[in-house]
Every structure is written in structure tokens, then in C-alpha cells.
Amino acid sequence: MRSGDLNELPRVRDSLSYLYVEHGRIEQDAKSIALYDANGKTAIPCASLTTLMLGPGTTITHAAVSTLADSGCLVVWVGEEGVRFYSQGLGETRSARRLLDQARLWANPTSRLQVVFRMYQMRFDETLEPSTTLRQVRGKEGIRVRETYARLSRETGVEWKGRSYRRDRWNAADPINRALSAANSCLYGVCHAAIVSAGYSPALGFIHTGKMLSFVYDIADLYKTETAMPAAFHTVGEGYTENLERAVRRMCRDYFHRSKLLGRIVSDISRLLVVTGDHEDMDALDSDAALPGGIWDPEAGMIQGGVNYAEQAEVSFGNHIAGTSDTQFAR
């Protein structure tokens with residue numbers, strides 16, 4: 001693509017992961033943005049930021065949103081401590097190719113099952129036998145997660161009684177369950193940003209289904225045992241009681257950085273959603289971001305958009321009339 005065109009596949013790996021803000025005002029500041037709160041002014045490097053999570057008590061100007069969109073930073077409106085998702089902004093890419101490929105794989109039961117097995121395979125160190133059933137794979141995944149909880153409990157000294165989370169009774173949960181929910185929310189935000197920025201749909205999940213973030217949950221599950229779960233247990237194990245959720249978010253940033261998470265998500269999705277086929281028709285349309293896109297045709301597949309086909313129809317119809325005899329019209 002030409003250098004002036006919108007990115008088809010943004011370099012998410014070169015960005016910072018996320019920033020969560022609450023109780024402040026975000027405004028445009030020169031060619032970037034800044035947060036104004038009780039502590040004064042804090043500059044935000046939106047050009048190198050993947051996700052901006054806006055919590056309660058946050059206001060943002062139209063100019064700031066425009067700057068974030070131009071920078072390819074996904075804006076997500078979330079609840080307190082980032083544990084509820086309300087809305088999202090626009091991703092960086094304008095190409096629908098990956099979304100269409102994702103939809104084709106999702107809509108076909110055979111290809112969808114293949115993607116599901118690849119997702120589970122990425123989580124295990126061992127190779128799954130071809131005869132393994134999906135029910136057996138889910139059982140193995142359940143054992144893996146249970147053993148990870150037990151191992152982290154032993155390593156950190158944090159008592160583990162099982163996963164328990166009710167959104168309407170947040171403060172009633174024990175510290176480790178609150179920490180896990182906060183850590184998962186951070187991971188979801190980063191995965192969500194990578195998915196949307198690369199042009200995929202967060203709703204078309206292969207394992208999870210029925211939610212607008214189903215694909216986000218699919219992808220986040222690839223990394224939970226190495227990022228969100230240990231971040232939560234180690235934060236609680238270090239004795240954080242006040243501002244627990246804030247401490248978890250900071251710990252998550254460290255784990256995301258050490259695991260090079262942003263450098264892996266988009267490439268891992270590409271490995272999962274393996275698509276064979278010729279994209280030359282879409283390549284031609286992607287070459288110019290100013291074009292409105294293609295038009296579906298049942299015979300040609302995709303034809304150029306932004307063309308007045310009435311003129312072509314008139315030429316074709318005129319040729320047809322010119323070559324038709326009076327006898328044919330009489331019929």
C-alpha cells in the first residue's frame with residue numbers, strides 16, 4: 001500500500017498496551033492529548049498507545065477523540081476499575097478482508113471446528129491426537145486451568161477457594177477474585193484493541209458465542225495463564241489491600257511487557273484463522289483508501305464500487321437494441 005494510505009495491518013506490537021483513567025478531563029494538547037485532573041496536567045502519548053480505557057467521572061472533548069482516532073488508539077468506555085464494558089471506538093484499519101475471512105471460517109461448521117482445535121492446541125505443550133474429541137479437549141483445558149490456580153496459590157501463599165464473581169456484588173468477593181476480575185479486564189482490553197485494530201470482529205467467537213466480545217474472550221484465553229492469572233495472585237500475595245485494582249493493573253502492564261503480548265496477538269490470530277484463497281480482487285480495492293469499497297456480484301464475486309453502472313447498462317442495452325430486428329420486436 002502507498003505510504004499515504006490508511007494502514008491495512010497496523011503495527012500493534014510497537015505500541016504501549018493500555019491506559020486507564022478516571023475522574024478527569026481529556027483534551028487535545030498540540031498534536032496529542034492530555035489528562036487534566038486533581039494532580040494537574042498529564043501528557044498522554046496517544047500516537048504510541050493501543051487502548052485508552054475511560055472510567056467513571058471522565059469527560060473527553062471531540063478534538064481529543066479525533067486525535068485518538070487519527071493515531072489508531074482504540075477508545076473504550078468502561079465501568080469502575082475497568083470491570084464493565086460499555087462502548088468502543090473505531091479501530092485503525094479500514095480493510096474488511098480479515099473480517100470477511102473470519103466470517104467465512106465462523107459460518108462453516110467444519111472450518112470453525114478446525115479453528116477451535118487450533119485455539120486449544122496453542123494452550124497445551126503437548127500435541128493433541130487426531131482422535132481427540134472436543135469434549136475431551138475441553139476437559140483437558142479445565143484441568144490445566146485448575147492446576148494453574150493451585151500452583152499459583154502455592155507459589156504466592158494466597159488461599160484459593162475457587163472462582164467466584166458477581167458483577168452486582170463486587171465488594172463481597174474476596175481479594176483474589178477481585179484481582180482476577182480486574183486482571184482479566186485489562187487483558188480483554190488489550191486483546192480487544194488488537195482485534196479491532198487488525199480488522200477482525202470482536203463478536204464472532206469460535207469457542208465463545210452469543211456475546212459482542214466472544215472473540216475477545218477466545219483470544220484472551222490464550223494468554224490468561226501466563227499474564228492475568230499470575231498478575232492477580234502475585235499482587236494479592238504481596239499484600240495489597242487498598243487500591244487493589246490499581247495495583248493489579250500495574251502488575252498486568254509488567255506481565256504484558258515481559259511476555260511481549262502486543263507483539264504476539266495479531267500474528268497468533270493470523271495463525272489461527274488460516275485462510276486459503278485469492279485476494280487479488282480485494283487487493284485492488286485496498287490499494288486506495290479513498291475508494292468506497294467493492295460491490296458483491298453473484299457471478300463476478302466483487303466488482304468496483306463508486307462506479308455509475310447506469311452508464312454501462314445504457315451502453316449494453318443500446319447495443320442490444322441496435323442488433324435486434326423488427327421481427328424480434330414483433331414477437
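Trainee: Which residue forms a salt bridge with Glu155?
Mentor: Arg151 does, with the closest N and O atoms 3.2 Å apart. A salt bridge here is a side-chain nitrogen of Lys or Arg within 4 Å of a carboxyl oxygen of Asp or Glu. Bear in mind that this is a predicted model: local features need pLDDT of at least 70, side-chain atom pairs count only at pLDDT 80 or more, and totals for chains, interfaces and linings use all residues. Residues are numbered from 1 along each chain as its sequence is written, and side-chain values use heavy atoms, leaving out hydrogens and water.

Trainee: Where do Glu155 and Arg151 lie?
Mentor: Both are in helix H4, 4 residues apart, about one turn of the helix. Helices are DSSP runs (H or I, at least four residues), numbered from the N terminus.

Trainee: New topic. What does Glu245 pair with?
Mentor: Arg178, at 3.2 Å between the closest N and O atoms. Glu245 lies in helix H8 (residues 244–258) and Arg178 in helix H5 (residues 175–197), so the pair ties together parts 67 residues apart in sequence. Glu245 is buried at 6%, and Arg178 is buried at 16%.

Trainee: Which residues are linked in a network of salt bridges?
Mentor: Arg123, Glu141 and Arg144. Arg144 and Glu141 come within 2.9 Å, closest N to O. Both are buried.

Trainee: How many salt bridges by this rule?
Mentor: 10.

Conventions. Buried means under 20% relative accessible area, exposed over 50%, partly exposed in between (1.4 Å probe, protein chains only). Helices (H or I, at least four residues) and strands (E, at least two) are DSSP runs, numbered from the N terminus.
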